[in-house]
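Q: Please take a close look at a single part of this model and describe its surroundings. Include the neighbouring parts where they bear on it.

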Amino acid sequence: VFEREVAVDAESVAMLVTVGLGLLLFELGGYAYHRLAHRMPFLWRLHEVHHSAETMDWLASYRQHPLEIALMTLAQNLPLVALGIPLSSHAAVLVLLELNTVFVHSNVRIPDGPWSELFATPRFHHRHHDRLREARNFATLFPFLDRLFGTYDGSSSADFGLTERTERGFAAWVVRPFRASRARPSVPPA
C-alpha cells in the first residue's frame, strides 16, 4: 500500500511540474506571437479583429480571425509538442489557459493584491486593449513576462475598440485583412 501511495505522489508531482512548465512555454509562445502581431502589418490586420471589441467582456476573448487562431495555436502549442510535454499535461494547460483567456477579457473587477503580481487580472489585460495608447501587457497569464520584457503598464483602461470605423458582420472581418486600405494604419498606433 505504501509503495502505491508513493508512486501516485510521484505521478502527481510530475504532472504538476509538466503542467507548470507547459503553462510557461505556452505563455511564452503566445507572448512572442502577440508582440509580433502588434509589429508586423499582416499579423496586425489579423489581430485587429480581436481589438475591434468595444467592450471588454468574456465574449471579446472569442473575437478572433480564423487564420490568427491557427497561427496563435501553432505558436503556443509547438513548444509543448517539441519538448514532449505529456498529452495529459498539455490538455490541462489548454483548459487552464482557455479559462484564463475568458477571465482576463471579462468585465469582472478583482481588487489588486499579491495575486496581481503572479497572475493576470482583467484590469491588467484590459490595459492592453486601450485604443488610444500604445499596446502594453501582452501576457495573458503571467504579468512578470511584461515586466521582464519592458512592456508592463499598471494603469487602468476603459476606452476599447479601434480608432477608425470598423466592419459590420463576421464575413467582412474575415476578408478585411486581405483588402488593401490606405485609410487604416498597417500597425496599431504607438
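A: A residue counts as buried when its relative accessible area is under 20%. The model discussed here is predicted. In helix α2 (residues 41-51), 8 of the 11 residues are buried, so this helix is largely enclosed by the rest of the structure. The buried residues of α2 are Leu43, Trp44, Leu46, His47, Glu48, Val49, His50 and His51.

Two of these histidines, His47 and His51, are in contact with His34, a residue of helix α1. With a relative accessible area of 5%, His34 is below the 20% cut-off and therefore buried as well. Setting aside neighbours within four places in sequence, His34 also contacts His125, His128 and Phe138. The side chains of His34 and His128 are joined by a polar contact of 2.8 Å.

In soluble globular proteins, nonpolar side chains tend to be buried together. In this model the largest nonpolar core has 18 residues, and Leu23, Leu80, Val93 and Leu97 have the most contacts inside it. Helices α1 (2-37) and α4 (87-105) each supply at least two residues of that core, and α1 gives the most, with 5 residues. Leu43 is instead in a second, separate core of 5 residues, which also includes Tyr33, Ala37 and Met72. Within the largest core, Leu23 contacts Val93, Leu96, Leu97, Leu141 and Phe142, leaving aside residues within four places in sequence.

Conventions
Residues are numbered from 1 along each chain as its sequence is written. This is a predicted model: local features need pLDDT of at least 70, side-chain atom pairs count only at pLDDT 80 or more; totals for chains, interfaces and linings use all residues. Side-chain values use heavy atoms; hydrogens and water are left out. A nonpolar core is a set of buried Ala, Val, Leu, Ile, Met, Phe, Trp, Tyr and Cys residues joined through side-chain atoms within 4.5 Å. Buried means under 20% relative accessible area, exposed over 50%, partly exposed in between (1.4 Å probe, protein chains only). Helices (H or I, at least four residues) and strands (E, at least two) are DSSP runs, numbered from the N terminus. Contact means heavy atoms within 4.5 Å. A polar contact is a pair of N or O atoms within 3.5 Å; within protein, one must be able to donate a hydrogen and the other to accept it, and residues adjacent in sequence count only if both atoms are side-chain atoms.
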